[in-house]
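Let's take a friendly walk through the aromatic side chains of this model. Have the viewer ready, and we will go from ring to ring.

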Amino acid sequence: MEEATCERIMKKMDMVISQDSLLDEFDIVFSLGEVNRSPIIHVEHKLGLESWCVKHVYAYAYSKILEAKQSKRREDPAVLNRWTQFCLLIAPEVTTFWNVRKLLLRQGHLSADTDLHLTKLILSRKAKCMQVFQHRKWMYSNILTRGLTQPANGAHNFNEENHNDNVGLLNSLCIKQFLFSELDICSWTADKHQNNYHSWNHRLWVLQQFATRVGFANVCRLEYETSHRWVSVHVSEHSGLHYLQYLLDSLVSLVNEAKVENIQEIIPCVDSVENLYQKELEFNRDLIEEYRDHEALFCHRRFLLTRLRDLCSSPQRTSSPPPPALKRSCVETVNSAWSAVLLGERDLITKCLHTNSYQKILGEKHAQWLNNVVGI
């Protein structure tokens, strides 16, 4: 394929991406062979590229980027943008392309909005690409924060106090907007790719970085509700359950550090931390009984039991061997909330053992864990 044809395809793609701000999806469309028309397909804010040209245009752009990098010549930023943009849409795992764009962003030749839009397009095709999430983190730390901390156009208000208040309010609104847009992208990518732990790790980072600036308690409440809905329909994915565990620990920390008077301020349906974990155990048990054979639910249950055991006045293990797991004599003789929880575990395991599926093996493993770790 001629170089002029490759450049024409990349220019057309760049024009579509820059002009359609609502563009939300990109993919490669299979094609039998070269045809006498443009390989760019743009329909209803969706962008497609016919497969026959991918190999040729990517090889051309890749060689040009390496040539410019090795020769250290000053290339036109618009041309570098087109080359790296095309290559990243095809192969976003290549760090060299991201480094070139980082340089363009630092030099002011590329806007942050352009790269945020590009990374979202890449995630529509490769939702589990770690390099994309890393680039968005880098952009906030090195580009977006610079815009938040500097006054627009370098102007100074004659009333310095009012100016600082206005800048602080603007920064808070921008951070809040960025926070919720990132959370939406994390939800979107987690739905697009199974076991997308990169997406959940990015969500954790977003929560840790920005939630305290816009009200950690309110964000945790919204995230708690969102996580419950997500876990209810993705029962086999431990990444979402791990994120829920982080939220539960964060909610308990808010209460322990007296940042909220009562956990009921965040979750109206519970009145204490113990009650929170009991409600979570009920929710988890409903999922286990409705959706069988999912080990992730049992692993999450063990986390809940460990946290609840630490809160309750459960009997301490001694040097003597513990009695057999789930025996009525060692559970019912202790009159406490913890004994009621253990009775519930015995009932759950009994139901699991009466099945003829993998649920039976999971029940046996859970009974063994209770015996070895909890010591009953």
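Tyr140, Phe178, Trp205 and Phe210 make up one aromatic cluster. Rings of Phe, Tyr and Trp (taking its six-membered ring) pair when their centres lie within 6.5 Å, and the planes then decide the label: under 30 degrees apart is stacked, over 60 is edge-to-face, and the rest are tilted. This is a predicted model, in which local features need pLDDT of at least 70 and side-chain atom pairs count only at pLDDT 80 or more, while totals for chains, interfaces and linings use all residues. Residues are numbered from 1 along each chain as its sequence is written, and side-chain values use heavy atoms, with hydrogens and water left out.

By this pairing rule, the count is 9 aromatic pairs. One of them joins Tyr58 and Phe97 edge-to-face, at 6.3 Å centre to centre with 85° between the planes. Because Tyr58 belongs to helix H2 (residues 54-71) and Phe97 to helix H4 (residues 95-106), this pair ties together parts that are 39 residues apart in sequence. Helices here are DSSP runs of H or I with at least four residues, numbered from the N terminus. Phe97 has 0% relative accessibility, so it counts as buried; buried means under 20% relative accessible area, with a 1.4 Å probe and protein chains only.

Trp205 is buried at 15% relative accessibility, and Phe210 is buried at 0%.

Finally, look for charges over rings: NZ of Lys or CZ of Arg within 6 Å of the ring centre and within 35 degrees of the ring normal. The charged end of Lys102 sits over the ring of Trp138, 5.3 Å from its centre. Lys120 lies over the face of Trp188, 5.9 Å from the ring centre.

Methods. Helix = DSSP H or I, 4+ residues; strand = E, 2+ residues; numbered from the N terminus. Buried < 20%, exposed > 50% of the residue type's maximum accessible area, 1.4 Å probe, protein only.
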